[in-house]
Amino acid sequence: MTRLTMREAISQALWEEMERDTSVFILGEEVGVWGGTYAVTKGFYDHFGAGRVKDTPIAEAAIVGAAIGAAMTGLRPVAEIMTINFAFSAMDHIVNEAAKLHYMFGGQFVLPLVIRTVGGGGRQLGATHSQTPDAIFAHFPGLKVVAPGTPEDAKGLLKAAIRSNDPVLFIEHATMYQVRGEVPEGDYSIPIGVSKIQRPGKDVTIVSYSKGLELSLKAAEELSKDGIEAEVVDLRTLRPLDMDPVIESFKRTNRAVIVEEGWKSYGVGAEISSRIYEEAFDYVDAPIKRVAQKEVPLPYNRDLEQMALPQVPDILAAVKEVLNG
Amino acid sequence: MKLNQKKHLDMYYQMVLIRRLEERAAELYQKGEIGGFLHLYIGQEAVSTGLIAARLPQDRVITAYRDHGVAVNCGLPVNAIIAELLGKATGVSKGKGGSMHMADTTRNFWGGHAIVGSHLPLAAGLALGDQYSKQDAVTICMFGDGATNIGYFHEALNLSKVWKLPVLWVCENNRYGMGTIVENASAVSEIRQKAEGYAIPNERVDGMDIMAVYEASLKAIERVRSGEGPYLMEIMTYRFRGHSMGDPERYRDQAEIKKWQEQDPIGIYHAYLLEKKIAGQEELDGLEKRAEEDVDAAVVFAHSSPEPAPEELYKDIYAD
């Protein structure tokens, strides 16, 4: 094992896959000469050249559309959308084309395409640059949506995404690039669509992913000091969703809190709690609680922004409620 | 590439086949056998027939939702086209695509795309794929005049020029985007002028005269293949039928339609073939009869084909 930041883990996955397979190439805004807005592709342009690290115009529909077309010819493009907020400019290509072409044409061709993007608030970028709309993208059959919460998962899942023959939206979190963690040496990949228990516990199940995982693990540490052992299940992939570890955990703890950074309404927590009620109703000892972003466009002011985002104390309070329920 | 008699006759056959196919599709639609929307290519046959006759086998074709004619020209069997219209398992897209979503990648036909303008960035990507893999192929992207008003058109043209992509942009200007005349929807009524803004060489072509389309396409495709980057053709044409089968046609009068019908592209080609003594009346009659019979047989094939199996519902959502 070696300790890497999230940024290094993602960068390594890209680098190693490009070394391994010449059909893999990168396109996006400022991925080349600049080295990536979040410096993930720093050094790539000099090493792989302009042909494989392609700077694009600021034109998201063209970026995703061209990546789809290139994937239709059998290549494995990794398109970078600078932030997930800009993915709305390419929404048509993500949901009307990428998610549907394989099915709609009767499986005639595959779309080995990755769209890497960055979501999340907490950097005082204001309402248009701080969203966590992951659930919207996870709504569409045909698209795979991955959102890792640890460097190990980020590297392994990105490799799996690049090797996958399906379109994958790979969502990184803007405040997590410096998060460090243990990463296995050498080549490995982690299967898409497999949830993972990141921390075992017996008293309550906390379900989360991405930034929410970081918060949930911190909350679990706090709870442990009070003798409460929370089991933290990391979804890692939002579609296809692997509910098995969630249901197994819930059947042991009978209580659950779901943590997401996006808005609560129609969100990931709504989906997970419904599934628990549908699949494990007889095991429910207390109403399931959801911790999520307040229902506002995220404000610029630091204090207001932090008020709107889910925090560790929100998780602690929710856990205590379900334990007393 | 000089057209020999065989190729001329094949092109004539394809145009007539499209006409008969579309007429039959309209009948089947009116009987309720075809669901959804149905957009007919009647009147525009010379455009895709002349254009696609000029491609090489490695050249890719991608188009919008008015795609039956293009499918015929790309060599898709008429059996599988009608089967797709009827939603049968033997359809080109296994009955899952329908009228607007036909493709056959074995014949380098990359679809039928039904969101206006959305396939133009895909076409840039197909061309990018060939450029990246150093393939000697041209991507031919067809779209209507209406598609040139949406952002995708502009993003795709710009990218194609910046990256010098081997793509031929082909605007089929049939005068109306649904029921809105070009002048009411586009800042310039001569669509080819939009290419000027991206420094993409361009020309306007008479789309009722298949020889004009063929000769212009041949030059344009070879020009793109030579590595000069994208090129845009605006092909002037007219659809004799409504936008789709549900078109009230309040936006144009019968006199206008009649005027255009006098320049029927099949009639023009018919006269040309006789005048140049490329074919005799009997030969052309024979081709027309064959087209009719082929469509008849295709309807029988489609009617006798199975519906998709229930398990198809969950098949091909993902490849892995």
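This is a predicted model: local features need pLDDT of at least 70, side-chain atom pairs count only at pLDDT 80 or more; totals for chains, interfaces and linings use all residues.

Student: How do strand 10 and strand 11 of chain A pair, parallel or antiparallel?
Tutor: Parallel. Strand 10 (residues 204-208) and strand 11 (residues 230-234) of chain A are joined over five bridges.

Student: And what packs on them?
Tutor: Two helices to look at. Helix 8 (residues 210-225) of chain A lies across strands 9, 10, 11 and 13 of chain A. Its direction is at about 140° to strand 13 (256-263) of chain A. Helix 9 (residues 244-253) of chain A touches strand 9, strand 10, strand 11 and strand 13 of chain A as well. Helix 9 of chain A makes about 155° with the direction of strand 10 of chain A.

Student: What's the strand order in the open sheet of five strands?
Tutor: In chain A the order is 9-11-10-13-14, with mixed pairing. Strand 9 (196-199) and strand 14 (289-293) of chain A are at the edges. Each has a single partner strand, so one side of each lacks a neighbour in the sheet.

Student: How much are neighbouring strands turned against each other?
Tutor: By 25° on average, ignoring direction.

Student: Switching topic. Is Glu305(A) buried or exposed?
Tutor: Buried. The cut-off is 20 or more other C-beta atoms within 10 Å, and Glu305(A) has 20, so it counts as buried. Glu305(A) is in helix 11 (residues 302-308) of chain A.

Student: Which residues does Glu305(A) touch?
Tutor: Leaving out residues up to four places away in sequence, Glu305(A) touches Gly121(A), Gly122(A), Gln124(A), Leu298(A), Pro299(A) and Tyr300(A).

Student: OK, zoom out. How many helices and strands are in chain A?
Tutor: 12 helices and 14 strands. The radius of gyration of chain A is 19 Å, close to the 20 Å from the globule rule for 325 residues, so chain A is as compact as a globular protein of that length. Buried residues make up 58% of chain A.

Student: What about contacts between chain A and chain B?
Tutor: 32 residues of chain A are in contact with 35 residues of chain B. Helix 3 of chain A gives the most to the chain A side, with nine residues. Helix 4 (91-98) and helix 5 (101-104) of chain A are also among the elements giving two or more.

Student: How do the residues on that side of chain A divide?
Tutor: Into 17 nonpolar, 12 polar and three charged.

Notes. Residues are numbered from 1 along each chain as its sequence is written. Chains are lettered from A and ligands numbered from 1 in the order in which they are written. Helices (H or I, at least four residues) and strands (E, at least two) are DSSP runs, numbered from the N terminus. The radius of gyration is taken over C-alpha atoms; the globule rule is 2.2 Å times the number of residues to the power 0.38. A residue is buried if 20 or more other C-beta atoms lie within 10 Å of its own, exposed if 12 or fewer, and partly exposed in between; C-beta atoms are placed from the backbone. Two residues are in contact if their C-beta atoms, placed from the backbone, lie within 7 Å. Ala, Val, Leu, Ile, Met, Phe, Trp, Tyr, Cys and Pro count as nonpolar, Asp, Glu, Lys and Arg as charged, and the others, Gly among them, as polar. Two strands pair if DSSP finds at least two bridges between them. Axes are lines fitted to C-alpha atoms, for helices over the stretch in contact, and angles run from 0 to 180 degrees between N-to-C directions.
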